Amino acid sequence: MVRMVERSRKLMRTTTVSIKVMKWVTDVFKVASKEHNRAIRRWSIKDHYTEYYCSLKYNEYGRYISFIAVQGDNSSIIITPEITVNAGWGDIAQKILRLINVPEKDKKVQIVTSPVWSYLLKKQSEPTDGHQKGQNPLLSKSVGPKSQHRGSEITDKDVLSRCLVGKVLISPEETPPLNDIRKWACNTWKSSISINVHEMNDSQYLFEFPSRIEAEHVLNGEWQWKKAKISLGWWNPTTGCWPEEVKRDWVWIRLLGLPVNLWSEKLLKTIGDQCGGWIETEEETMLKNHLRWARIKVMGDGSKVPREILLESDGYLFKIPIWCELPATVVVALSMEEEDEDNSLLAISGLRINWNKSFIYPVNEVMEIHSLVNILGGRVGTLPTAYLGMPLGAKSKSKGIWNDVVEKCEKKLVCWKSQYLSLGGRLTLVNSVLDAMPTYMMSLFPMPASVAKRLDVLRRNFIWQGVSEKNKIHLVRWDVLTTGKKEGGMGVRHLKKQNHGLMMKWLWRFATTEHSLWKNVIEVRYGKEGSWTTKSVNSPYGVSLWRSIRNLWPKFSNRSSFKVGNGMKTSFWEDKWLGQRTLKQLFPDIYNLNQQQGSLVGELWTGQGWNLTFRRLLNDWEIQRLTDFYSILEQFKGTSSSEDKKRWRYLCTSLDNLIFTPRDFRKKRHLVSFVDYVLAHSISPKIKTLELNCDYLQPSRRQLNECLTFAVEKKVENVVFSSSEEERTLELPKSFCSCSSLITLVFFSCCFDSNVVVAWKSLKSIKLEDSVVLENDHLVNLLSGCPALETMELYRVEGFSRLEIKSSNLKRLKFKEYWVPSDEKDHSLEIIAPYLQHLEISGDLYDLKCRLVDVSSVVNAKLTFNITCIKNILGEESDEEEEDSCRDYHRVLRTFVHDNLQKLSCATDLTIGTWFTEVMCILQFKGVPIPELKCKYLTLELRMEKFNFYGAAVPLRASPYVETLNIDMDTSYFDGSQCHFELSYLAKADNVDLQSWISCFVFPNLKNVKIVNSSRVCLKDHTEQGYDQLFKLSEFVLKNATVLEKFIVISKTRECKRCSMYCISAYFYQLAGQLLGCPRASSNSLIIFQE
């Protein structure tokens, strides 16, 4: 118990506090002294009937600690401010500890001194000359050179032979004290009753056991101290010493006998800077707990520390000795014979043996291994280990050899995660650093699938999550990220493929390297098969490393070919030196008749040709096979004086995407020969894309059929065959019509056979273009044979009059420029697609009337087609006075447009072209009511003629729910193709006041308006082109849109073709300026002009 007395002038109070509470107070002071931020913390403890509360707070004068003791109704408080004169709260804590740590007189302490401890004390007490240089006194010897040998032999050899050296694998700041280790050792190793524990340098402990047997029993186990692993090993003379070549970054120094008047922090820092650079001062020195020396931590290895230093103070000059606390350094002494051997090696090779790095590794159990070490030198090592960064003595397919690689990658990620990197930065680090870290190991050992998966998880999470600890959505599949950038990926390496590629380099070196030691060893060990590789490895033991490399030979041989020189390494029948397959595979019947089945190419080739002999005369039906055989051999041009070589095949033969573009070839025949070679030598089991322009191939049906047959054999997913020649028609073979791997199909100028059933079960997108003839029967056959079809595009097709889509999977239909046959009387087309969601009809339809019978599910519709007057189609000359000669024809068109608008009234996104707005304008003047449109997004694709802007107001008035309006003006000029009937009605728009016509109408939902000009029409005479009407329409929208937010005017061009001036840019800039002065119904609307 501790009694505390508080005295004042009028009051004296006495308080008794237990040792437990006082220790708790010192802990609070220590924690508070280490924190310097203004944080509020609280502690509490209960002792018997008293409760103690502590709070760390701050006010305007600084930080303070308040202690409150509560016992029943009585309470007392002590407030301790932070003192900056001395060490503060830390100094108070040390004084309290010195007060309460009084040894008990009744407790008897028995001190047991072991022989090891006596020996250490004896050796430390001996005077040495090398302690100033950091030599260990335990290793210092005074014997002559003739008696020197490696290792220090102590007098009590039996004692040290049963000692273990242990170290707790934690940070030096958390190293446990000696008493805790002694208690732990006695409780854990209960069989070792008389165990002694001594503390050594470098946070190590020496454990002395009664016998070596008990020490070996402890060494074979795994031990932990508070979840921290303890590393144990036998004592050796170099324990606790530093190798001579290892340099320290810091060292402790002691200023012996430093006078008290010189004991200041500023002076200690000055002395530390003179000794290499001050780092820190020991806490005991700052607290002045002892005055025998001052201890400072300085930078460097101690070489810059002087033996003494001169200090001047108060008229006196002091010489202060300095002791540098350097650890012992290992200096290996050689015997005379071994010194002679070392000198001989140095004289011959210029190299010196580093005995500290020399190990002897026993395989299995080796008797008297320590005696062998004493004779040869070095130390005893254990397998598995690492040599030159590679695992030695471990199984090549073991997962444990990859632990270091995974740990290095994880450590890199920990450093990177502390930085805020963008997605591009993280991807760059993965491609440049993380992918290269396992390369060294992958060049020799096969990577297990679990290790590759683990590294993929690390890379994938770092790319998408970064510093975030939460799981985020991975926006792109991993197989897409690991594809090349040219194929649309991110270029992240595929570890398994990279591993196989690096291992196949050994096969390449084996085939191309001559007179190499490692190649000779492998040839002798496994035997040779032909001239390029070894025999297949089938033994189950001791061959797993080369077996994993040799198993890649089939894949390697498929991606390599032979360059025949003198032909003395290439087998005539067994090697692939002519084409993709061997002659034995191409002509097995000729091979069976030949008498030279094991011959080389150089042995069968003569200056006059091939010297082949057969077992018998050939029959008549075998003559054609022999003719084909010799036609293949005609490709060979003869031998040369150089040796045969192995070479990589063309990269194109192993590609998954084959896209042949004519611009890469100067002549057509080059493309033809290249296509033939790639199709004949392709080794990829499956091709994803095959794109080819048929105009650059020879006009033979056989060659086109070969391309389509290749697509069937290689299970091509995407096929694109184009042709710009109208005379050429691609007929589909029967085998191709049943290709089950097709996903995307694009055909130019093809025809379908009505007798062939189409069965493209996995086809999702099809595009037919350029003079494709499709009858109704063909279309039914096509749609029924493609149940998974989702998108259908028909460009410039003809022949069918009814398009009925019953499949619920087909959601998108694009229809452009239907060609009407001249012999057809009824030029109409009916579209029945109840499940269709996206419909687009564009281009010139001539006089085709496209009727939408059932399109109830359409959400997005685009009607930008144009229908020509019947007079222009027939080529009749119309009289200007007879404007109503085609009145009946236009009446049918108006009815057709009105019906289509009703069918599309529920579409939310609607795009209308110029011709459609013109017909709607005529309907408005005729008094025909326009169906109400429920679209929210309305796009008008208009020409620059002045008539179209009046027609723009008609669909705008019919769309009260529209929220976004886009007006896109194209580059078409007014060509005058309308007949007089159309012109007579469209001319009425000049005399109509646009604002008075629909002044009563309000746009209650219109929020965004965007006008885009992409034309290059000269605007010097813009009034003739109708741009004034554009301003009026824009002004009307601003006045009647009550919730308008943005009005954007975009000009994609600046100068026109006629005047080559910036007239377009100037006009639209002027238009935006005029709109800024217009009154607006919405006060929050913005007018934006962009170029």
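Which residues are linked in a network of salt bridges? Arg-254, Glu-282, Arg-295 and Glu-325. A salt bridge here is a side-chain nitrogen of Lys or Arg within 4 Å of a carboxyl oxygen of Asp or Glu.

A word on the source. This is a predicted model, where local features need pLDDT of at least 70, side-chain atom pairs count only at pLDDT 80 or more, and totals for chains, interfaces and linings use all residues. Residues are numbered from 1 along each chain as its sequence is written, and side-chain values use heavy atoms, with hydrogens and water left out.

Back to the salt bridges. The count comes to 23.

Lys-319 pairs with Glu-308, at 3.8 Å from N to O. Lys-319 sits in strand E17, residues 316-325, and Glu-308 in strand E16, residues 308-313, so the pair ties together parts eleven residues apart in sequence. Helices (H or I, at least four residues) and strands (E, at least two) are DSSP runs, numbered from the N terminus. Lys-319 is exposed at 54% relative accessibility. Glu-308 is partly exposed at 43%. The cut-offs: buried is under 20% relative accessible area, exposed is over 50%, and partly exposed is in between, with a 1.4 Å probe and protein chains only.

Next, Arg-454 and Glu-410. Their closest N and O atoms are 2.7 Å apart. Arg-454 belongs to helix H14, residues 449-465, and Glu-410 to helix H11, residues 403-417, so this bridge ties together parts 44 residues apart in sequence. Arg-454 is partly exposed at 36%. Glu-410 is partly exposed too, at 28%.

Now a helix crossing. The axes of H16 (residues 495-512) and H17 (residues 517-526) come within 10 Å and cross at roughly 95°. Axes are lines fitted to C-alpha atoms, for helices over the stretch in contact, with angles from 0 to 180 degrees between N-to-C directions. The two helices are therefore roughly perpendicular, a label for 65 to 115 degrees. On the H16 side, Trp-506, Arg-509 and Phe-510 meet Trp-518, Lys-519, Ile-522 and Glu-523 of H17. Contact means heavy atoms within 4.5 Å.

Last, strands. E38 (residues 812-816) and E40 (residues 838-846) pair in parallel over five bridges. Pairing takes at least two DSSP bridges. Phe-815 stands opposite Ile-841 in E40. E40 also runs parallel to E42, residues 860-867, joined by eight bridges. There, His-838 has Asn-860 as its bridge partner.

How values were computed: Angles under 35 degrees count as roughly parallel, over 145 as roughly antiparallel, 65 to 115 as roughly perpendicular and the rest as oblique.
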